[in-house]
Amino acid sequence: MRKRLVLMAAGTAFTGLSQGVLANGWNMPAGVTDVSREIHSLHMIIFWICVAIGIVVFGAMFYSLYRYRRSQGAKATQFHEHTTVEIIWTVIPLLILVGMAVPATATLKTMYDASEADLDVMVTGQQWRWRYDYLGEEVSFISNLATPRAQIEGSDAKDDTYLLEVDEPLVLPTGRKVRLLLTSDDVIHSWWVPDLAVKQDAVPGFVNENWVRINEPGIYRGQCAELCGRDHGFMPVVVKAVEPEQFDTWLAQRKEAAAQEAMGVDREWSREELMERGEQVYGTICASCHQPDGSGNPPTFPALAGNQALLDDREGHIDTVVNGVSGSAMPAFRSTLNPVEIAAVITYERNAWGNETGDVIQPSAMAEQLSE
Amino acid sequence: MWNVIKSVLAAFFGVQKEARRREDFAKGRAGPFIVVGVVMGIVLVVLIALVASLAAK
């Protein structure tokens with residue numbers, strides 16, 4: 001009677017615990033791709049095999065400790081070498097390991113087969129943001145953290161997507177095979193989205209491959225998973241999966257906008273237009289180091305507001321933005337930003353926060369300077 | 001020779017009878033064990049490579 005009660009209590013506790021762990025988001029998610037579901041079911045099968053082995057091994061140990069305790073007069077049998085038992089405890093783990101390796105290898109093979117993709121997206125890690133290039137589509141953009149500073153500094157309440165939200169998510173179609181080509185501009189980052197079962201290093205000088213075919217539309221969030229410097233926790237990944245038709249429309253719109261911007265290089269821009277565009281670019285690219293109010297974070301990130309050396313040297317300012325400063329944290333934006341963006345952001349920096357040089361840098365002049 | 005191969009196989013597997021171990025140390029010389037060990041190590045690597053390339057097909 002007592003034994004049955006103990007067993008029942010243990011059983012209830014066990015089921016309760018395992019259900020709690022599975023339901024509370026402590027477990028890895030099953031995800032929204034065929035591969036992620038395969039990985040999840042492998043993980044669960046192997047987990048339960050380990051649980052069973054644990055119960056058998058520890059059960060035998062604790063039973064023996066209790067049943068043959070010294071106070072009951074148990075005497076240890078001293079023997080050395082038992083070939084049959086040794087063979088059994090070698091062969092059983094071997095069979096279990098091979099049994100787990102076969103389905104795991106099959107899944108690995110699927111994961112590594114990035115061939116015959118419908119769409120190629122280049123994913124580039126930068127300190128501290130992600131850039132996405134839709135290869136062959138002339139569409140590319142930078143995806144920045146969108147969590148307000150007030151939440152980070154603690155003056156506002158944090159919402160559910162705290163540090164997991166961006167200004168522009170990576171938009172992908174459902175039902176199509178998308179190849180991801182991952183690399184980095186500076187240090188090693190890692191592009192990780194648990195629901196897609198992708199966690200791949202982005203290494204400077206190398207291009208890593210991965211792929212996804214998303215089954216369900218939705219928003220999937222992830223983070224950089226390789227410590228990459230001060231703002232490692234501030235460069236989240238957000239993937240927005242939409243129906244293929246919706247994706248095609250979106251892509252066409254982005255292409256159109258990119259073409260418009262390219263055409264904008266030739267025309268004369270007004271100071272107001274440049275300031276507006278410049279503020280936008282500054283906010284997404286420069287503000288994370290030089291701060292939204294241009295106060296910087298000296299000595300690593302110099303102030304731009306009221307920086308007399310900068311304001312006196314217009315050509316030096318342009319050179320710094322275009323070519324970066326070697327040996328410092330300032331990257332070259334020659335290939336990251338287009339001439340409109342570079343001209344606008346420099347115009348903004350030379351006229352905002354009380355900087356009143358009155359300088360206006362035209363995109364056409366910038367384009368000419370860049371092509372030299 | 002056959003005894004050397006059996007002992008090397010037992011070493012690969014990790015289980016050996018105490019009596020055989022004593023016999024090897026009493027009668028055997030190190031040379032044959034080393035040569036057979038290296039050769040069978042190579043055979044094992046080739047076998048695993050074959051299985052892997054078969055699985056990758």
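Which residues of chain A does the UniProt annotation "domain: Cytochrome c" cover?

1. The annotation, which comes from an unreviewed UniProt entry, covers residues 273-353 of chain A; UniProt positions are given in the numbering used here, feature names are shortened, and annotations may be inferred rather than shown by experiment. Over residues 273-353 the chain is 54% helix and 0% strand, with end C-alpha atoms 17 Å apart, where helices (H or I, at least four residues) and strands (E, at least two) are DSSP runs numbered from the N terminus.

2. This is a predicted model, in which local features need pLDDT of at least 70 and side-chain atom pairs count only at pLDDT 80 or more, while totals for chains, interfaces and linings use all residues. Residues are numbered from 1 along each chain as its sequence is written, and chains are lettered from A and ligands numbered from 1 in the order in which they are written.

3. The domain assignment, whose bounds come from an automatic or database source, gives chain A domain 1 (1-26), domain 2 (31-70 + 80-113), domain 3 (119-261) and domain 4 (264-371). The centres of domain 2 and domain 3 of chain A, taken over C-alpha atoms, are separated by 36 Å.

4. Strand S1 (residues 119-126) and strand S2 (residues 129-134) of chain A pair in the antiparallel sense over 6 bridges, and in S2(A) Asp133(A) is the bridge partner of Met122(A).

Methods
Two strands pair if DSSP finds at least two bridges between them.
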